[in-house]
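Here are a few friendly notes to read with the model open beside you. Take the points one at a time, and find each residue as you go.

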Amino acid sequence: MTNSANQVYPVIWHNNSVSLIDQTRLPNEYAFVEIHRSEDMALAIKTMIVRGAPAIGVAAAYGMYLGAREIITSDAFGNVFDERTEFLNKLEIVAQLLRETRPTAVNLFWAINRMLKTAHATLGSVEDIKQVLFHTAQAINAEDLQTCQAMGDHGLTVLPKTPEKLTLLTHCNAGALATAGYGTALGVVRSAWREGRLERLFADETRPRLQGAKLTAWECVQENIPVTVITDNMAAHCMQRGLIHAVVVGADRIAANGDTANKIGTYSLAIVAKAHNIPFFVAAPFSTVDFALSDGNQIPIEERHPEEIYQVGDTRLTPEGVEFYNPAFDVTPAELITAIITENGAFAPGDLAKYQLKHCIN
Ligand code: MRU
């Protein structure tokens, strides 16, 4: 996979290392960071060079491989059992480093667990396990791309039938940059555009980090999708004026009952959509559903540095001596969500768990 004008892949295996689009520099600079070691991948996730739940999962999977390939086992007697145990113990240290980067997006933990399970299940030498881990990271990347494309198609089946050309509203960035490519919520938008069903996308700027104004807007420009950026507090007004036909957002973690954690501000958007009788869709892969959590109260919410609120570039916005609270995500209750669009179809939020049981998804 290579990046070109309108094919955006935020995480690529290239020249024996991982090439990340540096999302902290967009839209002004389209630059890449080369990652050779798991420690650097952990830092890239923490500092949001790579961000968005599925993209974090793909990056963590490669991070696991980068850590695995550096593990040196010290068994002097050629005892294969001990060498394997030592390798798996050291791999757990790599996993822990990556787990400590960001707490809310469950795709991070899902990908790390899949890599660990694969390592434990692989027979053969330590070198064999390393090879299998590499292929598993590649598979996680490729699967996410397919998953997003399937989500885009399923999204088309639930979008309002009228008017023929819709104006959709999204929050944050759930696009190609936030996934292996194509996007979840923005994947639905892309599919609607491709099928001639999209008039325009409204993008919330998404304070405090402005993923909507910077990243979603940038992605739309790459593909000539008409986009209007609004500040977050303008959404209710736009709905009242009849400018919005449906809302489509991504997710960082969905509890078994359908309660959904996504970028801060999503919950208030869902409330105003309900107040205006506008359908509110969440688009996310099954890897974002945490069936271990019965409801959204149990989802850990990341708090980030207050500087994201009080500082813009070199300018401090607020006086010294005030306090800040900077939760990065909020939880939208399932009853405010019209449908959750996944790679396996669109579901009423409460039906995800039934589907999981029937199809043994873990
Ligand atoms: O803090 P971020 O930028 O990683 O948050 C991203 C979001 O909230 C996205 O909406 C979510 O991860 C879904 S991405 C397909």
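How do the residues of the shell around the ligand divide into nonpolar, polar and charged?

1. The shell. The residues of the shell around the ligand comprise eight nonpolar, six polar and four charged ones. Here Ala, Val, Leu, Ile, Met, Phe, Trp, Tyr, Cys and Pro count as nonpolar, Asp, Glu, Lys and Arg as charged, and the others, Gly among them, as polar. In total, 18 residues surround the ligand, and Ala53, Arg102, Asp252, Asn262 and Lys263 are the closest. A residue is near a molecule if one of its heavy atoms lies within 4 Å of it.

2. Before going further. Please keep in mind that this is a predicted model, in which local features need pLDDT of at least 70, side-chain atom pairs count only at pLDDT 80 or more, and totals for chains, interfaces and linings use all residues. Residues are numbered from 1 along each chain as its sequence is written, and side-chain values use heavy atoms, with hydrogens and water left out.

3. A polar side-chain atom of Asn262 is 2.6 Å from an oxygen atom of the ligand, and for a polar side-chain atom of Lys263 the distance to a ligand oxygen is 2.7 Å. In the side chain of Arg102, an N or O atom lies 2.8 Å from an oxygen atom of the ligand. A polar contact is a pair of N or O atoms within 3.5 Å.

4. How enclosed is the ligand? On its own, the ligand has 410 Å² of accessible area, and the protein covers 100% of this. Such areas come from the Shrake-Rupley method with a 1.4 Å probe. The ligand sits in the largest cavity. A cavity is a set of points, on a 1 Å grid over the protein atoms alone, where a 1.4 Å probe fits but cannot get out; a molecule sits in one if more than half of its atoms lie within 2 Å of its grid points. Helix H2 (53-70) and strand S9 (260-263) are the elements that give two or more residues to the shell. Helices (H or I, at least four residues) and strands (E, at least two) are DSSP runs, numbered from the N terminus.

5. A buried helix. Why is helix H6 (residues 185-194) largely enclosed by the rest of the structure? The reason is that eight of its ten residues are buried. These buried residues of H6 are Ala185, Leu186, Gly187, Val188, Val189, Arg190, Ser191 and Ala192. Buried means under 20% relative accessible area, exposed over 50%, and partly exposed in between (1.4 Å probe, protein chains only). Just after H6, look for Gly196, which takes a positive phi of about 75°.

6. Backbone angles to check. Most residues other than glycine have a negative phi, and most peptide bonds are trans. Against that background, Asn15 has a positive phi, near 50°. Asn15 lies in the loop between strand S1 (11-14) and S2, and is exposed because its relative accessible area is 65%. Asn277 also has a positive phi, near 60°. The loop between helix H9 (266-275) and strand S10 (280-283) holds Asn277, which is exposed at 72% relative accessibility.

7. Two cis peptide bonds. From Leu26 to Pro27 the peptide bond is cis, with omega near 5°; Pro27 belongs to the loop between strand S2 (17-21) and strand S3 (32-35). From Arg207 to Pro208 the bond is cis too, with omega near 0°. Pro208 is found in the loop between strand S5 (198-204) and helix H7 (211-222).

8. One loop, buried or exposed? Asn297 lies in the loop between strand S11 (289-290) and helix H10 (307-310), and Arg304 is also in the loop between S11 and H10. Asn297 is exposed, at 74% relative accessibility, whereas Arg304 is buried, at 15%.

9. Val229 lies in strand S6 (residues 227-230) and is partly exposed, at 40% relative accessibility. Its C-alpha atom is 5.8 Å from that of Phe202, although Val229 and Phe202 are 27 residues apart along the chain.

Notes. A polar contact is a pair of N or O atoms within 3.5 Å; within protein, one must be able to donate a hydrogen and the other to accept it, and residues adjacent in sequence count only if both atoms are side-chain atoms. On a 1 Å grid over the protein atoms alone, a cavity is a set of points where a 1.4 Å probe fits but cannot get out, and a pocket is an open set with protein on both sides within 12 Å along at least five of seven lines; lining residues have an atom within 4 Å of a point.
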